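Trainee: Could you show me how to read helix packing, salt bridges and burial in a structure?

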Amino acid sequence: MATFDNYAWADKLPDETLDVSEEHRSEFFRTMFERQMIWKRRFLDGAPRPWTEDPILRDYKFTNVYRELDRNSQWQIRNIILDPLLSLTNLVWKTMVFRYFNNPATFEFAQERYGWKAGIPDYDQYDEDRFAEMIAAYRASGNNPYTTAYLINSMATPGKPRDYCYTHLVVPTLHQRLGELIRTVLAAETPEQIIRFLRSLPSSATFIAHEFYQDFTYISRYTTRRFMRFTQDDYTNVGPGASIGLRLIFPSLKRQVDGIYRLRDESRDELAKLGNFPYLHWDRAGWRYRVSRVGEITLHQVEMWLCEYQKYWKMRIGEGKQRSTFEPQTRKLVGQ
């Protein structure tokens, strides 16, 4: 079990002898429900602000319950995953290059200046120096090529700037080992085999390996292609944020991943008590999201929301890092 004794907020954690903190369990599901309802009111109902009366969720940034509703993943799905002309090699290659940077503006710049579809050269067109030139040009224009949420560890190239690590080690190694990666995914008998390979890539620790795994689940979910046999409900990891969330809800739990399964199994009944939760479904015939009372929360959504929930809790008690304020931008859903 993770320990948090050295944190300023440690004395505010529930007694570690408790099996369940009903206060935090209830708040976990309430905030999950309300965050998804914000999305529904904003994008499906077209309602004006404010989309919630919860002052923390109203005024500060929290990710969507479903990762693929976030702006960057929407861009990735629309411009890469849904492109029927991409070969499997190019589909996997562009999906992963995008996620390393996770910044649509970088690749929109590249598409305009270099003519690369989705702003990423095809696998056979890739040239290390030209790609590095593109990143340097984007930075020279006064912009950051990647988002801070997905920064990788650049210590693999000590003494060199982060851009060098990305463009002269991380992306070239991915290019060199892509065939091996695809063969590994196609033959894998367990999700852990895929995660283990992804973690062997330079500067790709547990977090980004898990993100790649989630991206791979989109291929079969949103297209008729087959690449990875596993889903969001076959594997998840317990990241640092999720670990705090689990400590809040299940204070005495020894094996934290068990708590994710437990919350997953309880989610439908608990969310139904709060109202008609808008589960995410994909209608391939219409390429649109639908709202239904029938659906499930997966291990992945639970792990993600545990991370967001502990941020919410810290804000409520006045501890931890100040969240960025929420400034909505106009955008469309995938397929619209």
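The dialogue below takes these features in turn.

Mentor: This is a predicted model, in which local features need pLDDT of at least 70 and side-chain atom pairs count only at pLDDT 80 or more, while totals for chains, interfaces and linings use all residues. Residues are numbered from 1 along each chain as its sequence is written, and side-chain values use heavy atoms, with hydrogens and water left out.

Trainee: At what angle do helix 7 and helix 8 pack, and how far apart are their axes?

Mentor: Two packed helices are described by the angle between their axes and the distance between the axes. Helices are DSSP runs (H or I, at least four residues), numbered from the N terminus, and their axes are lines fitted to C-alpha atoms over the stretch in contact, with angles from 0 to 180 degrees between N-to-C directions. Here helix 7 (residues 162–187) packs on helix 8 (residues 191–199) at about 165°, and their axes are 9 Å apart. The two helices are therefore roughly antiparallel to each other, a term used for angles over 145 degrees.

Trainee: Which residues of helix 7 and helix 8 make the contact?

Mentor: With contact meaning heavy atoms within 4.5 Å, helix 7 contributes R177, E180, L181, T184 and V185, and helix 8 contributes Q193, I194, F197 and L198. An α-helix has 3.6 residues a turn, so residues three or four places apart point the same way.

Trainee: How many salt bridges does a search of the whole structure find?

Mentor: A salt bridge is a side-chain nitrogen of Lys or Arg within 4 Å of a carboxyl oxygen of Asp or Glu, and the search of the whole structure finds 27 of them. One of these pairs D45 with K40, whose closest N and O atoms are 3.0 Å apart.

Trainee: Where in the chain do R67 and D215 lie?

Mentor: R67 and D215 meet through their side chains in a salt bridge with an N to O distance of 2.9 Å. This pair links distant parts of the chain, 148 residues apart, with R67 in the loop between helix 2 (55–59) and helix 3 (71–81) and D215 in helix 9 (residues 206–222). R67 is buried, with a relative accessible area of 3%, and D215 is buried too, with 0%.

Trainee: Which parts of the chain do K117 and D83 link?

Mentor: The side chains of K117 and D83 form a salt bridge of 2.9 Å, N to O. K117 is in the loop between helix 5 (104–114) and helix 6 (128–140), and D83 is in the loop between helix 3 and helix 4 (88–101), 34 residues apart. K117 counts as partly exposed, at 43% relative accessibility, while D83 is buried, with a relative accessible area of 8%. Elsewhere, salt bridges that share partners join D19, E22, R25, R262, E266, E270 and K273 into one network.

Trainee: Which residues of helix 5 are buried, and which helices do they pack against?

Mentor: The buried residues of helix 5 are P104, T106, F107, F109, A110 and Y114, and they pack against helix 3, helix 4 and helix 6. Just after helix 5, G115 takes a positive phi of about 80°.

Note on methods
Angles under 35 degrees count as roughly parallel, over 145 as roughly antiparallel, 65 to 115 as roughly perpendicular and the rest as oblique. Buried means under 20% relative accessible area, exposed over 50%, partly exposed in between (1.4 Å probe, protein chains only).
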